Amino acid sequence: MKNRLILKPLKKGDIGNIMNWVNDPEIVKNFQNFKGFTRSEELKFIKKILKSKNDRVFSIFRRSDGKYIGQCAINQISPQNKLGRFGIFITKENWGNGFAEEAIGHLLHIAFSKLKLHKVWGVCWVTNKKAWHIYQKLGFKKEGILKDEYYWHGRYHDLIRMTVIKK
Ligand SMILES: CC(C)(COP(=O)(O)OP(=O)(O)OC[C@H]1O[C@@H](n2cnc3c(N)ncnc32)[C@H](O)[C@@H]1OP(=O)(O)O)[C@@H](O)C(=O)NCCC(=O)NCCS
């Protein structure tokens, strides 16, 4: 695995970086529950996440210059079933450098080796060809299509649900 990135656990001080993208429609349309956040709402959310035992959120930094380039997470961790839901975001100016692929690789390592999960799952729009391409490269398999799972801009959209299971 490449080693250009550092994943650091989320902290309150990341809020400035997060506010730069958390209200950008092109980014957040990809996340079902992002409906626009003020700074104080975001801070409340960060505090909630920091207390949660079922969420592990990481800020992604470039090793070469320490610059913030995104966020990734395993959420909805089920200790009984040993599964969790992953999510990824890379800042626009850093797209196309293989950073998402590398960050998800690190995230899967954390999920399987440190959190001892059995299964990691996620969803993406059926139209998000770029995300689906990366997930397939990393070994995710399609579990099915979630019909009309996401209501956005006046109509329903289908999502792909995908999974990678610990080998
Ligand atoms: C999706 C996202 C995380 C990808 O980040 P990234 O760092 O640009 O991705 P990478 O550089 O690691 O990989 C891009 C890959 O997609 C391919 N790709 C780019 N556009 C594509 C398209 N339209 N169709 C298919 N593949 C495409 C690239 O060729 C590359 O694959 P390759 O390395 O095999 O050539 C980023 O665009 C993002 O944050 N988007 C907004 C949030 C989001 O959609 N998150 C995922 C929600 S499920």
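This briefing walks through a predicted model, from its sheet to its core, its ligand shell and a few single residues. Because the model is predicted, local features need pLDDT of at least 70 and side-chain atom pairs count only at pLDDT 80 or more, while totals for chains, interfaces and linings use all residues. Residues are numbered from 1 along each chain as its sequence is written. Helices (H or I, at least four residues) and strands (E, at least two) are DSSP runs, numbered from the N terminus.

**The sheet**
- Let's start with the strands: 7 of them form an open sheet with mixed pairing, in the order S1-S2-S3-S4-S5-S7-S6. Two strands pair if DSSP finds at least two bridges between them.
- At the edges sit strand S1 (5-9) and strand S6 (141-152), each of which pairs on one side only.
- On average, neighbouring strands of this sheet are turned by 30° against each other, direction ignored. Here the axes are lines fitted to C-alpha atoms, and angles run from 0 to 180 degrees between N-to-C directions.
- S1 and strand S2 (residues 56-62) run antiparallel and are joined by 5 bridges; Ile6 stands opposite Phe61 in S2.
- S2 and S3 also run antiparallel, with 6 bridges, and Ser59 stands opposite Gln71 in S3.
- S3 and S4 pair in the antiparallel sense over 7 bridges, where Gln71 stands opposite Phe89 in S4.
- A handy rule to keep in mind: in a regular strand the side chains alternate between the two faces of the sheet.

**Turns and positive phi values**
- The hairpin of S2 and S3 has 5 residues between the strands, and Gly66 in its turn has a positive phi of about 75°.
- In the hairpin of S3 and S4, with 4 residues between the strands, Lys82 takes a positive phi near 55°.
- Gln76 lies in strand S3 and has a positive phi near 50°, although Gln76 is not a glycine.
- Gln76 is partly exposed because 14 other C-beta atoms lie within 10 Å. On this scale a residue is buried with 20 or more other C-beta atoms within 10 Å of its own, exposed with 12 or fewer, and partly exposed in between; C-beta atoms are placed from the backbone.
- His153, in the loop between S6 and S7, is not a glycine either and has a positive phi of about 50°. His153 counts as exposed because it has 7 C-beta neighbours inside 10 Å.

**The nonpolar core**
- A nonpolar core is a set of buried Ala, Val, Leu, Ile, Met, Phe, Trp, Tyr and Cys residues joined through C-beta atoms within 7 Å.
- The largest one has 29 residues, and those touching the most other members are Cys72, Ile88, Ala103, Ile104, Leu107 and Val120.
- H4 gives the most to this core, with 7 residues.
- Cys72 touches residues including Leu7, Phe58 and Ile60, not counting residues up to four places away in sequence. Contact requires C-beta atoms, placed from the backbone, within 7 Å.

**Around the ligand**
- The ligand is surrounded by 20 residues, the closest being Asn30, Trp95, Ala100, Cys124 and Lys129.

Conventions. Near = placed C-beta within 6 Å. Contact = placed C-beta atoms within 7 Å.
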